[in-house]
Amino acid sequence: MFPGRFSLTDHKVVEDNSSEESILHDLWPLDEVDPTKAKFPCCLVWTPLPVVSWLAPFIGHVGICREDGTVYDFAGSNFVNVDEFAYGSVARYVQLDRKQCCFPPNLSGHTCKHGYKHSENGTAITWDDALRSCMSHFEHKSYNLFTCNCHSYVANCLNRLSYGGDLGWNMVNVAVLVLLKGQWVNVMGVVRSFLPFFVVFCLGISMAGWPFVFAWSAFSFLLMTWFLIGTYCFKNLLDC
């Protein structure tokens, strides 16, 4: 190789490095999770629901956060909260990896395997763009705990991102992700999530005995059955 000369191979390496630097620039570093300031960059966040979580502690209210840590959550009909998490402070969170998202600049720029299907379902060019477009969609939706709720909003965001290369996000797998991968913010988060349930359960047993246990078991079973069957057998029923 002559001094001051470079080959086409060298030029290709320079282009590849430039492309990688561009990708890294787009995915700028996130700030640290800061529960004291209620900032959870690119996280799913969860908190217990009044009354409902007292009977079923595996059910709660969930939201998704922007890259700067601001929380978005579908909290009522035609209303998406911004930076004011409904039903109390965050008790549990899961930080997601933006590198597992698909941000197509055009129809041929998909990094996921779904291509046109992803485009038809709604795409996003950045993480925050997905949350904003999803908010516009849910500002025209009626809230219903059983058919169109906060989990539906988060699932819609993840589908727009094609997170993990998947377009099948729904209420059930969002809830399972938080339950299995969620980190507790602090001890008080655990107390807020389970203490009311144990109090109600102990009061129920002391006042009604075994009939309360059977009634609670039937309630929990019917609730889980509804979401499982509605999500995987009657998709249009829970599609919002």
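**Figure 1. The salt bridge between D83 and K39 in the predicted model.** K39 has a relative accessibility of 25% and therefore counts as partly exposed, where buried means under 20% relative accessible area, exposed over 50%, and partly exposed in between (1.4 Å probe, protein chains only). The closest N and O atoms of D83 and K39 are 3.8 Å apart; a salt bridge is defined as a side-chain nitrogen of Lys or Arg within 4 Å of a carboxyl oxygen of Asp or Glu. The pair joins distant parts of the chain, 44 residues apart: D83 lies in the loop between β4 (79–82) and β5 (92–95), and K39 in the loop between α1 (8–26) and β1 (43–48). Helices (H or I, at least four residues) and strands (E, at least two) are DSSP runs, numbered from the N terminus. The model is a prediction in which local features need pLDDT of at least 70 and side-chain atom pairs count only at pLDDT 80 or more, while totals for chains, interfaces and linings use all residues. Residues are numbered from 1 along each chain as its sequence is written, and side-chain values use heavy atoms, with hydrogens and water left out.

**Figure 2. The salt bridges of E67 with R98 and of R66 with D68.** In the pair formed by E67 and R98, the closest N and O atoms are 2.9 Å apart. This pair also links distant parts of the chain, with E67 in the loop between β2 (60–65) and β3 (71–76) and R98 in the loop between β5 and α3 (116–121), 31 residues apart. E67 is buried, with a relative accessible area of 8%, and R98 is buried at 9%. For R66 and D68, the closest N and O atoms are 2.8 Å apart; D68 is partly exposed, with a relative accessible area of 38%. The count of salt bridges comes to 3.

**Figure 3. P29 and its spatial relation to E67.** P29 is placed in the loop between α1 and β1. With 71% relative accessibility, P29 counts as exposed. P29 and E67 are separated by 38 residues in sequence and by 9.2 Å in space, C-alpha to C-alpha.

**Figure 4. The lining of the largest pocket.** The largest pocket has a volume of about 630 Å³, a volume being the space filled by probe spheres set on grid points joined across faces, edges and corners. On a 1 Å grid over the protein atoms alone, a pocket is an open set of points where a 1.4 Å probe fits, with protein on both sides within 12 Å along at least five of seven lines; lining residues have an atom within 4 Å of a point. The lining comprises 22 residues, of which N159, L167, W169, N170 and D239 lie nearest the centre of the pocket. Helices α3, α5 (150–161) and α8 (210–232) each supply at least two lining residues, and α5 gives the most, with 5 residues.

**Figure 5. A nonpolar surface patch that includes V191.** V187, M188, V191, L195, V199, L203 and M207 form the patch, with about 710 Å² of accessible area together. Patches are made of residues with over 30% relative accessible area and no salt bridge, nonpolar side chains (Val, Leu, Ile, Met, Phe, Trp, Tyr) being joined within 5 Å and like charges within 9 Å. Accessible areas come from the Shrake-Rupley method with a 1.4 Å probe, and for residues only the protein chains shown count as cover. V191 is found in helix α7 (residues 187–208) and is partly exposed, with a relative accessible area of 33%.
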